[in-house]
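Here is a short tour of one protein chain, written to be read with the structure open beside it. Please take a look at the fold before reading on.

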Amino acid sequence: MPNRRSGRNRDTRLRVLLLGTSPETAAAIAGELQRTELQVQLVQVDTEASFIASLRSLAPDLILATPSLPGFDVPAALAVVQALRPTAPLIVVAEALDHQTAVASLRAGAEDVMLTRNVSRLGPVTRRALSVRQPLKRLSRRQLEVLRLVSDGRTTRQIAERLGVSEKTVETHRGAMTKRLGIREVARQVRYAVRVGLVSAGDPAESPVHVSADEEDGVAVIAA
């Protein structure tokens, strides 16, 4: 009997969406990912409309974005990502990065920020980002939304009203989410949701964050 799986030829390449990157940066990214033995499919876009279309059609595993795209900054891009592809990490890659942009990007949910001259960091950062988000792929869209709302401080009643379902249904989704995520304590669920960018890291005025660019390795360091 023929093996049914043999004809599927499932593409296991890492689907990478590049937003606003120059041809030179795109080439450097492709070369670095290949050097780290990651098999990738690269798609490059430079407008908000093409970005949204590619999020839907490509369903990327990873997004690399420049912070300088006119009229469509990183926080705006992340808002779209959270609506359409919340399991995909977004990494900011820039030729230069100022303090304010780095803070805004990280607070909005970017996985990391790096300078193009330090693109050699991309492999390790990518592997870490994909690994930490692996549990999210076990959740349904509804469970992801429940995790987001729980982490945003909403009560069961508020979540039920927001989703237009009963409180019992919310509790069912919440129980399934907790089991699939493997994190029982609410405090840890909140920390995880912040870590993967499902909810904001907070208002800068309420929770001071210091970001400094390390001239040696181009790493944006964030610390409370």
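## Overview

Please keep in mind that this is a predicted model. Its protein chain holds nine helices and seven strands. Of the 224 residues in the protein chain, 45% are buried.

The contacts also tell us something about how the chain is joined up. Taking contacts between residues at least 6 apart in sequence, 65% link residues at least 24 apart.

As background, strands of a sheet pair through backbone hydrogen bonds, either parallel or antiparallel.

Let us follow two of the pairings. Strand 1, residues 14–19, pairs with strand 2 in the parallel sense over six bridges, and here Leu17 stands opposite Val43 of strand 2. Ala94 has Leu115 in strand 5 as its bridge partner.

Which residues have the most contacts inside the largest nonpolar core? They are Leu17, Leu19, Phe51, Leu55, Ile63, Phe72 and Leu90, in a core of 21 residues. At least two residues of this core come from each of strand 1, helix 2, strand 3, helix 3 (74–84) and strand 4. Helix 3 gives the largest share, five residues.

Setting aside residues up to four places away in sequence, Leu90 touches Ile63, Ala65, Val74, Ala77, Leu78, Val81, Ala110, Glu111 and Asp112. Another core, of 19 residues, lies apart from the largest one, and its members include Val146, Leu147, Val196 and Leu198.

## Helix 9 and its partners

Now for helix-to-helix packing. Helix 6 (residues 141–151) packs against helix 9 (residues 186–195) at an angle of about 105 degrees, with the axes 9 Å apart. That angle makes helix 6 roughly perpendicular to helix 9. Leu147, Val150 and Ser151 of helix 6 make the contact with Val186, Gln189, Val190 and Ala193 of helix 9. The residues of this contact are five nonpolar and two polar, with no charged ones.

Helix 8 (residues 167–181) is also in contact with helix 9: their axes cross at roughly 70 degrees and come within 12 Å. Helix 8 and helix 9 are therefore roughly perpendicular to each other. On the helix 8 side the contact involves Arg174, Met177, Thr178 and Leu181, and on the helix 9 side Val186, Gln189 and Tyr192. This contact divides into four nonpolar residues, two polar and one charged.

## Two alanines in loops

Ala59 sits in the loop between helix 2 and strand 3. Its phi is near 50 degrees, a positive value in a residue other than glycine. With a relative accessible area of 21%, Ala59 is partly exposed.

Is Ala88 buried or exposed? Ala88 counts as buried, at 4% relative accessibility, and is found in the loop between helix 3 and strand 4. Leaving out neighbours within four places in sequence, Ala88 is in contact with Pro60, Asp61, Leu62, Ile63, Val81 and Arg133. Ala88 and Arg133 are 45 residues apart in sequence, and their C-alpha atoms are 7.9 Å apart in space.

Key:
Residues numbered from 1 in each chain as written. Predicted model: local features only at pLDDT ≥ 70, side-chain atom pairs only at ≥ 80, totals over all residues. Heavy atoms only, no water. Pairing = 2+ DSSP bridges. Helix = DSSP H or I, 4+ residues; strand = E, 2+ residues; numbered from the N terminus. Axes fitted to C-alpha atoms, helices over the stretch in contact; angles between N-to-C directions. Parallel < 35°, antiparallel > 145°, perpendicular 65-115°, else oblique. Contact = heavy atoms within 4.5 Å. Nonpolar A, V, L, I, M, F, W, Y, C, P; charged D, E, K, R; others polar. Core = buried A, V, L, I, M, F, W, Y, C linked by side-chain atoms within 4.5 Å. Buried < 20%, exposed > 50% of the residue type's maximum accessible area, 1.4 Å probe, protein only.
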